[in-house]
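User: I'd like to learn how to read rings and pockets in a protein model. Could you walk me through them?

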Amino acid sequence: MKLLEEVQLQIVTSLKGKDLLSLVNYSSEEVQQLIDLAIQLKTITKEGKCPKLLEGKTLAMIFEKNSTRTRISFEVGMHQLGGKGMYMNARDLQIGRGESVYDTAHVLSGYVDGIMIRANSHAMVKELAEHASIPVINGLTDISHPCQALADLETIKEVKGHFKGLKLAYIGDGNNVAHSLVVAAAHVGMDVVVAAPKGYEPSEQVMLKAATIAVQNGSTVSFTNDPIEAATDADVIYTDVWTSMGQEEESAKRLQDFEGFQISSELVAYAKPDYMFLHCLPAHREEEVATAVIDGENSYIFQQAENRLHAQKAVLVSVLG
């Protein structure tokens, strides 16, 4: 407790015991507080002062999809906070052999303190959270990727120092990453523009929800099919792969459909000179982004990847603490 008092961590106590399925379910104040806490946790961790706030706590980590950043960051995060993260491949669990989500939720609630799940179906994760008596954290679904968006915000805050007045351009597939990023940006008052080819637009429902949040924070949310329009005067340019896991059979068609949407040196020339380039990784170089951009001086992808660890620790100590 003495160490906790020394560092004066501002834990988001309103989130204790609360699921993280989508940032739509969090208030703008809670999102802002999580970002500030993540930056604080990063600082004290590098100073060797991270308190063991989750000592004795166990997080079940269920994976239906392969992972590098999600698995390692959650496991390391729990370790740094004094707890334990248990990796569970869904194929090795009874849920992978037909046990109901209802039964799995009740069984795990009796064993562990929280569940992080990286899943195919958002509906399944919602069902898991509905029946579990412990917090459920969305590590990725087909609809949402909130932990990634929190790390994105942390990176922008570290580099730019603020959010208000910034223009964020997401250029690419209107997927789960785009959904969470738009909502996150709206919560902190950034103007956000999504550019995607016809047929790859983000969910209209998510965009409407984000727009409502943005109005409350004095910012805007918009959509275009023109990547140049999105990139013009952007402070942050963000993209994701054009073909995600499970879409491999669509790869050839997607390469054709996304022609002109590559984050190239020519496209980023429309952005502000000090723009940031972000990518949630893994990246397909020379597809959705040119190597010259992703390895360029405006790229912050590895700082962004590291921040998955600290943003998730902010969630863990607030939700499980």
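User: How many aromatic pairs does the structure hold?

Analyst: A word on the model before we start. This is a predicted model, where local features need pLDDT of at least 70 and side-chain atom pairs count only at pLDDT 80 or more, while totals for chains, interfaces and linings use all residues. Residues are numbered from 1 along each chain as its sequence is written, and side-chain values use heavy atoms, with hydrogens and water left out. Rings of Phe, Tyr and Trp (its six-membered ring) pair if their centres lie within 6.5 Å; planes under 30 degrees apart are stacked, over 60 edge-to-face, and the rest tilted. By that rule the structure holds 5 aromatic pairs. One of them joins Phe 63 and Tyr 87, tilted, with 5.2 Å centre to centre and 35° between the planes.

User: Which strands do Phe 63 and Tyr 87 lie in?

Analyst: Strands here are DSSP runs of E, at least two residues, and helices are runs of H or I, at least four, numbered from the N terminus. Phe 63 lies in strand E1 (residues 58-63) and Tyr 87 in strand E2 (residues 84-89), so this pair ties together parts that are 24 residues apart in sequence.

User: Which other rings are linked by pairs?

Analyst: Ring pairs link Tyr 200, Trp 242, Phe 258 and Phe 261 into a cluster.

User: Now pockets: what volume does the largest pocket have?

Analyst: Rolling a probe the size of a water molecule over the atoms shows where empty space is left. On a 1 Å grid over the protein atoms alone, a pocket is an open set of points where a 1.4 Å probe fits, with protein on both sides within 12 Å along at least five of seven lines; lining residues have an atom within 4 Å of a point. The largest pocket has a volume of about 570 Å³. It is lined by 30 residues, and closest to its centre are Arg 118, Leu 140, Val 241, Ser 244 and Met 245. Helix H3 (69-80) and helix H7 (176-187) each supply at least two lining residues.

How values were computed
Points joined across faces, edges and corners; volume = space filled by probe spheres on them.
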